[in-house]
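We'll walk through it piece by piece, from the overall layout down to single side chains.

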Amino acid sequence: MAKGKSSEIAQLNSYLEQIRSQLTGYYQELALEKVVITPDAIKDKFYGIDETGKTLKELVEYHNVSMGLNLKWEHSKTIILLQDILNCSYKKV
């Protein structure tokens, strides 16, 4: 907290307290979700970065599983080729 008695210092301290309260709330959310709590995880929550997004490879795999036998051969062939390209070219970091 900043030290002093001016109105700017009071506003700054109020703002810092709000941020501290938000960060504490994010910490508690992560604890309830039973995920690994790291500074980066709390920072991502603060900035609204969502780690639950899917990669293109994951979407293709989901599509194949959900569509299953309903795919025509030509479509299946295209999806298999796309999967091969993704497996060779891109790796999840």
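What follows is a short tour of the fold, the first helix, the aromatic rings, the salt bridges and a surface patch.

## Ground rules

This is a predicted model, where local features need pLDDT of at least 70, side-chain atom pairs count only at pLDDT 80 or more, and totals for chains, interfaces and linings use all residues. Residues are numbered from 1 along each chain as its sequence is written, and side-chain values use heavy atoms, with hydrogens and water left out.

## The overall layout

The chain has four helices and zero strands, where helices (H or I, at least four residues) and strands (E, at least two) are DSSP runs numbered from the N terminus. Reading from the N terminus, the order of elements is α-α-α-α.

Of the 93 residues, 14% count as buried; buried means under 20% relative accessible area, exposed over 50%, and partly exposed in between, with a 1.4 Å probe and protein chains only. The accessible surface comes to about 8000 Å², and carbon and sulfur atoms own 60% of that (Shrake-Rupley method, 1.4 Å probe; for residues, only the protein chains shown count as cover). As for contacts (heavy atoms within 4.5 Å), take those with a separation of 6 or more: 20% of them link residues 24 or more positions apart.

H1 has 27 residues and spans 39 Å from its first C-alpha to its last, close to the 39 Å expected at 1.5 Å a residue. That expected span is 1.5 Å times one less than the number of residues. Its buried residues are Ile9, Asn13, Ile19, Tyr26 and Leu30, and they pack against H2.

Asparagine 13 has a relative accessible area of 18%, so it is buried. Setting aside neighbours within four places in sequence, asparagine 13 touches Met1 and Ala2.

For background, most residues other than glycine have a negative phi. Lysine 34 sits in the loop between H1 and helix H2 (39–47), and it is exposed, with a relative accessible area of 74%.

## Aromatic rings

There are two aromatic pairs, counting rings of Phe, Tyr and Trp (its six-membered ring) whose centres lie within 6.5 Å; planes under 30 degrees apart are stacked, over 60 edge-to-face, and the rest tilted. Tyrosine 26 and phenylalanine 46 have ring centres 6.5 Å apart and planes at 75°, so this pair is edge-to-face. Tyrosine 26 is in helix H1 and phenylalanine 46 in helix H2, so the pair ties together parts that are 20 residues apart in sequence.

Phenylalanine 46 also pairs edge-to-face with tyrosine 47, at 5.2 Å centre to centre and 80° between the planes. Together, Tyr26, Phe46 and Tyr47 make one aromatic cluster.

## Salt bridges

The structure holds four salt bridges, each a side-chain nitrogen of Lys or Arg within 4 Å of a carboxyl oxygen of Asp or Glu. One of them joins glutamate 17 to arginine 20 at 2.5 Å, N to O. Those two are three residues apart in helix H1, so about one helical turn separates them. In helix H2, lysine 43 and aspartate 40 are also three residues apart, about one turn of the helix, and their side chains meet at 3.8 Å, N to O.

Lysine 45 bridges to glutamate 33, with the closest N and O atoms 3.3 Å apart. Lysine 45 lies in helix H2 and glutamate 33 in helix H1, so this pair ties together parts 12 residues apart in sequence. Lysine 45 is partly exposed, at 24% relative accessible area, as is glutamate 33, at 44%. Shared partners join Glu29, Glu33 and Lys45 into one network.

## A nonpolar patch

Met1, Leu12, Tyr15 and Leu16 form a nonpolar surface patch with about 410 Å² of accessible area together. Patches are made of residues with over 30% relative accessible area and no salt bridge; like charges are joined within 9 Å and nonpolar side chains (Val, Leu, Ile, Met, Phe, Trp, Tyr) within 5 Å. Methionine 1 belongs to the segment before helix H1 (7–33) and counts as exposed at 63% relative accessibility.
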